[in-house]
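Please read it alongside the sequence and the model.

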Amino acid sequence: MTKVTNDVVRVVIVGGGTAGWMAGAALTRLLSGQCTVRLIESEAIGVVGVGEATLPHIRSFNERLGIPEAEFMARTRATFKLGIEFRDWGRIGDSYIHPFGTFGRGAGAIDFHHYWSRLAREGQDLPPLDQLSYACTLAREARFEHPDQGRGGLTSTFGYAYQFDALLFAPYLRSLAEEAGAVRTEGMVVDVERDGESGLIRSVTLADGERVEGDLFIDCSGFRSLLLGQTLDEPFEDWSKWLPTDRAVAMPCRTETAVTPYTSAIAMPAGWRWRIPLQHRTGNGYVYASDFISNGDAARALEEAVEGEKLAEPRLLRFKAGRRRRSWVGNCVAIGLASGFLEPLESTSIYLVQQAITALIELFPGRQMDASDRDEFNRVIDLEYDRIRDFLILHYHATSRDDSPFWNYVRTMAIPDSLDEKLELWRRRGRVVKYREGVFLDASWIAVYLGQGILPEGWDPRADVAGTGDLVQAVRSLRSEIAAEVARRPDHRAFLERYCPMVAA
Amino acid sequence: MSAPIRHVLVAGSGLTAWSAAAALKRRAPFLDVTLLATPAAHDALADRIACTLPSLPGFHADLGISEDDGVTRTGAGYRLGTRFFGWAEGLPDYVHAYGSYGHAIGPAAFHLHWVRAMRDGRAAPFDAYCPAAQLARAGGFMPPSPGTPFAGHDYGLTLDLPRQVAMMRAFALHVGVREVTDSITQVQVDATGHVTAIAVQHGAPLTAHLYIDATGPAALLRGSIDDAWQDWRDWLPCDRVLLGTQVSGEGAPVLTPATAHAAGWRWSSGEQVGMAYGSAHLSDADAAAMLARDGAVSDAPIVIRPGTRARAWRGNCIAIGDAATQVEPLEWCNLHLALSAIDRLVTMLPDTAMAEVEAADFNRQTLAEAERVRDFLAAHYRTARRPEPMWQAVAQAELPASLAHTLGQFGERGRLPFYEEETFTRDSWAAILLGQGYLPRRIDLLVHGVPAPQVDAAMARMTDAIAAALPHVPAHAQWRAAQMRRLAR
């Protein structure tokens, strides 16, 4: 049972980029001796990575791989990320932050937003919600210091992620993977050979004629979905009726304003625009629906909107929201864009890659593929996609914007029943459907609901017990306490320069 | 926004009803809570089983009932778990304790390492790596104590039921619950399925905005609306419970023994003894005779109908305890499910609109919780190794999808998939499955990430640390006596 040398699984990863090298690094580091990793990538094929904003989960991935934070940040020219700012979503002129943290003190029997809803409905003069969250205030003030888990208090009420240059992340992971034994092959896959009986993939053939055999094939070929989509023909479940954006135009520029410790998502007439500040530049892109704007107009709109001198020409990307019905078919596991795509509104791309890798490691097969591993993997991935889907749709649907055909469409479109029910519970009682599994938990939903102007009509009746005066006083002292704590934290840029200054190119 | 609710009526007179009334009034003091004390339901297991899970001490704490009042003064004993005898023939007894079993070594969970060590013949029984289980086997008790191996456990209680009910009733009355003693003659339900009034034998009809049905299996209120029921008999074969009392000089054991027999199982928790059995496989008379051999005086058998209402909450009426879900006392979930529903209700109080979407959210969580308790209990029968017909029938039954999924994944490679609203931890599942010899077919590859000698050494350190600490822990009786003395001072 413990003899494994004869059972070493030959893994072939098709495609480098973020997904491919994350998978390569994780497999070689965590399953060393159990599998060999061969990664095939071609310099002739571009990488989609356009400067990535991540979720806090990336930290556990890095920790598990033993990646030191400061080194990783320096190598990828990364900045810290405390949340996402949404501008002009609920209404033009609005701005809110979805923080990786809580509102209020993050303690107590009744969630803060119940009190907030009550006071707002009573017409009390309240400070902006952002000022009642340590994470949001820290972000708005462009300051940063790591959470202080030891002390409990306000400074422990948040998590954080990174904004980094994806074009540098993949090479960094590549060096880790190769150090741990991964073998990289330069080449283009031109043919795929399958077993006539089982349909399993036996080998891929490269342009130079080399045939690469394997037991497990990981498809990280991006949108082309070379193995899962093209070879195995796994059907694509199309979600574009709910998530109609299908293009992005990306363009980096010089940073002219603050290096904000947050990503911005600014609503545009036919979609939205991202702003991701890195140490050396700012990434920008306009995600739009081609039914509502032409490519040329979108590129022009982006060029007009960015804050500084452009550092490259606008680059066009095409996609479709949805996922392959199954991500693992036979002996082929698709990770990243090859398995599905959800627009980057909530920075879920790398998260989905990470979850797929984690699930694959937990369910890593022997040389003989086992249906129970495969089914469980697909169940886990489906759950992730479905939960994120509803959360993304909420951003578009919960709006009062009626200034363009695009916003009229998303505001009035039919939404999934699962989201309809969530919205009704929130509207009626300020209640969030509780899950412990899935990426966006209560605090995230609350931030977006309130940020997009859906103030609940009712709240937890226990929030009525305290007197109005006492509550207003408590809110004010909370705000001053947060302001005072935040004022003691260093400036984000200064912190980066001290902690993880970028490595020269 | 609709008008808030003010009047809540709780029907029932057992521990479930008093716990619900006390919690509602204490945690939502703006409610008028009336308890309609109907005659006691002898078949309400949530009110009658002395053993509890760790959720009861937590429930006390939320109400502000101190350990002194909630445990010491009510004469309760501490429980660290259950010891199973005879569930898997050919294997030694095993302990399901409310604590962690080992700790992860490298990238793999402890139980995965244990499976390999077991296969290689180098592992002690699984519960040898659980400090709480070893503490309990030694008859000792201490609350979680940081800095010792005994830091990561919870404890339940063995109740002196009459004193517990008296305490909870006194607490409820103290915080302002109104008590009306009467019998229900009729429950009036309108065309939409809402309760409009409860007619009683002696007084005027009672009305409220919200009705809580804690009347036991009879479900006098909720049952007046509909009687839709999910049946679990195929997986939980015991449909009778016999309770008895015995003279016990030693007090309640910290580790409750649960011993399988041909047609069910029996337990002993100090004064209370009991037996669960399938009526198709054992007659009531034979069951009573078996229990009497221990010198126990037994009551009339309780008939249970294993299953649940998918909609515990309908309209303005919520069933809790045995009115909502009936399971045998295995793993002591009866009161736990009731307390969990009470907690849920406190955070999900409706307004007078009684919106369907709110009830649906409550029911979704409540049903998910009940079904996973069913799965956990059923796993005991499914993975048991006994030849008798009752056991074999469960071994061959078609399983609910969620349990088939869990057992399939565990049986394959030791994976325990996550389920929402799960009562028992992964360690609990592993304790039962591995204790009954239900071993994964494959060794998870992550296990090989750490060299075997290193794993062996880590495992040996765990048992050594427990062995070194055990001589210094107080016996359960000693611990209880010390608490009593402290109060007497």
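Which residue is the bridge partner of B:Thr82 in strand 13 of chain B? The partner is B:Thr256.

This is a predicted model, in which local features need pLDDT of at least 70, side-chain atom pairs count only at pLDDT 80 or more, and totals for chains, interfaces and linings use all residues. Residues are numbered from 1 along each chain as its sequence is written, while chains are lettered from A and ligands numbered from 1 in the order in which they are written.

1. Strand pairing in chain B. Strand 4 (residues 81-85) and strand 13 (residues 255-261) of chain B run parallel and are joined by five bridges. Strands (E, at least two residues) and helices (H or I, at least four) are DSSP runs, numbered from the N terminus; two strands pair if DSSP finds at least two bridges between them. Strand 13 of chain B is also joined to strand 14 (residues 264-269) of chain B, here antiparallel and through four bridges. B:Ala258 has B:Trp267 as its bridge partner in strand 14 of chain B. These two strands form a hairpin, with two residues between them.

2. The sheet of chain A. Seven strands of chain A form an open sheet with mixed pairing, in the order 6-5-15-16-17-14-18. Strand 6 (95-99) and strand 18 (315-318) of chain A stand at the edges with a single partner strand each, so one side of each has no neighbour in the sheet. On average, neighbouring strands are turned by 20° against each other, direction ignored. Strand 14 (residues 247-250) of chain A runs antiparallel to strand 18 of chain A, with four bridges between them; A:Val249 has A:Leu316 of strand 18 as its bridge partner.

3. Helix packing in chain A. Helix 10 (residues 371-397) and helix 12 (residues 417-429) of chain A have axes that come within 10 Å and cross at roughly 60°. Axes are lines fitted to C-alpha atoms, for helices over the stretch in contact, and angles run from 0 to 180 degrees between N-to-C directions. Helix 10 and helix 12 of chain A are therefore oblique to each other (under 35 degrees counts as roughly parallel, over 145 as roughly antiparallel, 65 to 115 as roughly perpendicular and the rest as oblique). A:Asp390, A:Ile393 and A:Leu394 of helix 10 make the contact with A:Ser418, A:Leu419 and A:Lys422 of helix 12. Two residues are in contact if their C-beta atoms, placed from the backbone, lie within 7 Å.

4. Helix packing in chain B. The axes of helix 3 (residues 55-63) and helix 9 (residues 334-347) of chain B are 10 Å apart, at an angle of about 30°. B:Ser55, B:Leu56 and B:Phe59 of helix 3 meet B:Leu335, B:His336, B:Leu339 and B:Ser340 of helix 9.

5. Domains of chain B. Chain B is divided into domain 1 (7-50 + 160-229 + 305-354), domain 2 (78-158 + 372-472) and domain 3 (240-303), with bounds from an automatic or database domain assignment. The C-alpha centres of domains 1 and 2 of chain B lie 35 Å apart. Eight residues of domain 1 are in contact with nine residues of domain 2 in chain B.

6. The chain interface. In chain B, 29 residues are in contact with 29 residues of chain A. Helix 5 (110-119), helix 10 (356-382) and helix 12 (401-413) of chain B are the elements that give two or more residues to this side.
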